[in-house]
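Student: Could you take me through the aromatic rings in this one? I'd like a close look at how they pair up and what sits around them.

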Amino acid sequence: MANGMATYTGTALEMPGSSELARVRSRTTHVSPRVDGLEVTVFEVPTDQPESDGTLEWDSTTIILVEAFNGREKGLGYTYGDPAVATLIESKLAEIVRGADAMRPPTTWVEMRRELRNAGQPGAGAMAVSAVDVALWDLKARLLGLSLADTLPRFRDSVPIYGSGGFTSYDAARLREQARAWVSAGMRSVKIKVGREPEIDPERIKLVREVVGPNVELMVDANGAYQSVAEALQHAERFHELDVVWLEEPLPNDDPGGLAVLRRERPAGIEIAAGEYNWSLHDAERLLADGAVDVLQSDVTRCGGLTELLRIDGLCRAHGVPFSAHCAPAI
């Protein structure tokens with residue numbers, strides 16, 4: 001179709017009939033729906049018991065919920081962070097979004113990032129943009145009458161998942177209960193937290209292995225608990241002996257050089273994963289360019305939303321590194 005006026009079939013030129021022409025003109029003169037505004041709500045959700053990993057302890061999770069709406073539909077987005085993220089959305093981003101083209105979330109993404117130049121684009125800024133961007137994509141999907149997956153470039157009908165938890169605050173009984181539930185749900189990979197008390201981690205890993213059996217992949221997450229490459233390598237070697245296949249965030253995320261050294265020297269068969277605290281594709285590129293990871297992670301609620309997540313996936317494909325979306329599986 002050229003300029004919405006003609007259709008080519010073989011070598012013959014056919015003009016659309018009157019009804020088809022009316023449909024084409026209607027489509028080409030359609031005005032995109034606009035975003036009327038945002039609603040932002042903060043929820044604090046208590047955990048059923050205190051939780052901890054290698055570097056933090058908590059007893060609740062704060063969720064910043066964003067709803068982007070127009071007269072027909074409402075899109076949902078969210079992030080995890082301090083209530084100050086909600087304040088940032090209301091003070092810096094709400095006016096940017098109001099009146100924006102609901103069919104073009106990436107255009108609004110650019111405007112939001114520009115607005116945060118002086119307020120700070122990483123950290124709370126990135127989480128704010130993430131929540132709003134997801135809400136805008138969801139609004140677009142709803143306006144089109146599609147699932148979000150089909151609005152984005154869907155590649156497959158399903159993806160593998162793994163059970164994640166095994167907090168360091170769990171006693172043996174709770175750890176065993178959670179591992180058993182994962183296997184009962186059909187998961188073939190499970191991941192537990194390590195690093196708070198390294199001396200007891202081997203026993204915790206053995207306990208989980210006993211529950212899940214020999215045919216389930218066992219993964220561990222240190223959340224940046226190890227303070228040197230030498231310390232991380234020592235634990236990686238011990239984990240390898242215990243048939244662990246994935247070591248996540250062994251070092252702080254802002255040390256791609258250290259991660260790269262660890263990846264070169266780690267035992268064969270254990271993959272180094274990191275990237276959940278990437279604030280943008282530039283952070284992801286540093287990890288990939290340095291050869292710091294076997295698997296790159298990014299969190300859609302932190303990295304800049306779906307607009308940036310798709311770009312990070314492209315970087316992973318260019319580098320030939322598998323990509324694993326961190327957290328927010330509902331999105």
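Tutor: Searching the whole structure turns up four aromatic pairs; rings of Phe, Tyr and Trp (its six-membered ring) pair if their centres lie within 6.5 Å, and planes under 30 degrees apart count as stacked, over 60 as edge-to-face and the rest as tilted. One of the pairs is Trp58 with Phe167, edge-to-face at 5.6 Å centre to centre and 90 degrees between the planes. Trp58 sits in strand S4 (residues 57–69) and Phe167 in the loop between strand S6 (163–165) and helix H6 (172–184), so this pair ties together parts 109 residues apart in sequence. Helices (H or I, at least four residues) and strands (E, at least two) are DSSP runs, numbered from the N terminus. Bear in mind that this is a predicted model: local features need pLDDT of at least 70, side-chain atom pairs count only at pLDDT 80 or more, and totals for chains, interfaces and linings use all residues. Residues are numbered from 1 along each chain as its sequence is written, and side-chain values use heavy atoms, with hydrogens and water left out.

Phe167 is buried at 13% relative accessibility, while Trp58 is partly exposed at 23% (buried means under 20% relative accessible area, exposed over 50%, partly exposed in between, with a 1.4 Å probe and protein chains only). Together with Tyr170, Trp58 and Phe167 make one aromatic cluster. Arg174 lies over the face of Tyr170, 4.5 Å from the ring centre; a charge sits over a ring if NZ of Lys or CZ of Arg is within 6 Å of the ring centre and within 35 degrees of the ring normal.
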